[in-house]
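Try each one before reading its solution.

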Amino acid sequence: MQGVARNFFTLAILYALCGMALGLHMSITHDHAQMPVHAHAMVAGWLMSAVFAFFYHLVPAARLSWLAQVHFWVSAVSGVMLMVGLYFLLAGNAAVEPIVAVGSMAFYAGMLLFAFIAFSTMHKPAVSGSDVYLDGTDVGRPVKNSPTR
Ligand code: HEM
């Protein structure tokens, strides 16, 4: 795994460790007030970041675009704003609401950017004479000496 793919997978693991620790804390204390933060850390953090990581790993042309770097940083910064802000909001600090609002909208903007990157890369044609599409996937030509299935 390289570049943006590796960055996203590192971020995913950090979310999983923090989110599961919060889940354990909720279970042990029988206080589930932070359940939305745990659920978002696990799903919007761990699962979404892992999906982005594997997409960029499997589609090399997508991770080479500078837009992929922008996607990573928008997602990482807005995700932390959203989840840390939500934690303090649920703990009773109403003053952090604007941070949660900006984080949420920026997180959505990151997803819009990913939609653009994914759609534009997936629909690029194969380069003539090449064995791979621009996105790095094989055009389907049989590989020499490989067993046929
Ligand atoms: C150490 C592991 C984990 C612990 C101790 C834990 C604990 C909890 C607890 C105590 C709740 C609150 C339940 C409630 O108040 O109704 C919860 C909710 C939730 N957890 Fe976890 N969890 C863990 C791992 C995960 C993982 C791996 C995921 C997803 C990848 C996840 C996703 C969710 C979601 C989506 C909810 C919200 C469910 C709902 O809306 O009722 N959790 N978890």
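Predicted model: local features only at pLDDT ≥ 70, side-chain atom pairs only at ≥ 80, totals over all residues.

**Exercise 1: Size up the helix and the fold**

Compare the reach of α2 with its expected span, then place the helix in the overall pattern.

Solution. Count first: α2 runs over residues 35-58, which is 24 residues. From first C-alpha to last it reaches 33 Å, close to the 34 Å you'd expect at 1.5 Å a residue. Now zoom out: the protein has five helices and zero strands, giving the pattern α-α-α-α-α along the sequence. Of its 149 residues, 27% count as buried. As for contacts between residues at least 6 apart in sequence, 63% join residues at least 24 apart.

**Exercise 2: Find the core**

Which residues have the most contacts inside the largest nonpolar core, and which element gives the largest share of this core?

Solution. The largest nonpolar core has 25 residues, and Phe8, Phe52 and Tyr56 have the most contacts inside it. Next, trace where the core comes from: α1, α2, α4 and α5 each give two or more residues. The largest share, eight residues, belongs to α2. Finally, take a look around Phe8: setting aside neighbours within four places in sequence, Phe8 touches Ser49, Phe52, Ala53, Tyr56 and Phe72.

**Exercise 3: Describe the ligand shell**

Say which residues come nearest to the ligand and sort the shell by class.

Solution. Of the 13 residues around the ligand, go for the nearest: Met20, Gly23, His32, Ala39 and Met42. Then look at who supplies the shell: α1 and α2 each bring at least two residues, and α2 gives the most, with seven. Sorting by class gives nine nonpolar, four polar and no charged residues.

**Exercise 4: Judge one residue**

Is Ala21 buried or exposed?

Solution. Locate Ala21 first: this residue sits in helix α1. Ala21 counts as exposed because it has 12 C-beta neighbours inside 10 Å, and the cut-off for exposed is 12 or fewer.

Definitions and conventions:
Residues numbered from 1 in each chain as written. Helix = DSSP H or I, 4+ residues; strand = E, 2+ residues; numbered from the N terminus. Expected span 1.5 Å × (residues − 1). Core = buried A, V, L, I, M, F, W, Y, C linked by C-beta atoms within 7 Å. Buried ≥ 20, exposed ≤ 12 C-beta atoms within 10 Å, placed from the backbone. Contact = placed C-beta atoms within 7 Å. Near = placed C-beta within 6 Å. Nonpolar A, V, L, I, M, F, W, Y, C, P; charged D, E, K, R; others polar.
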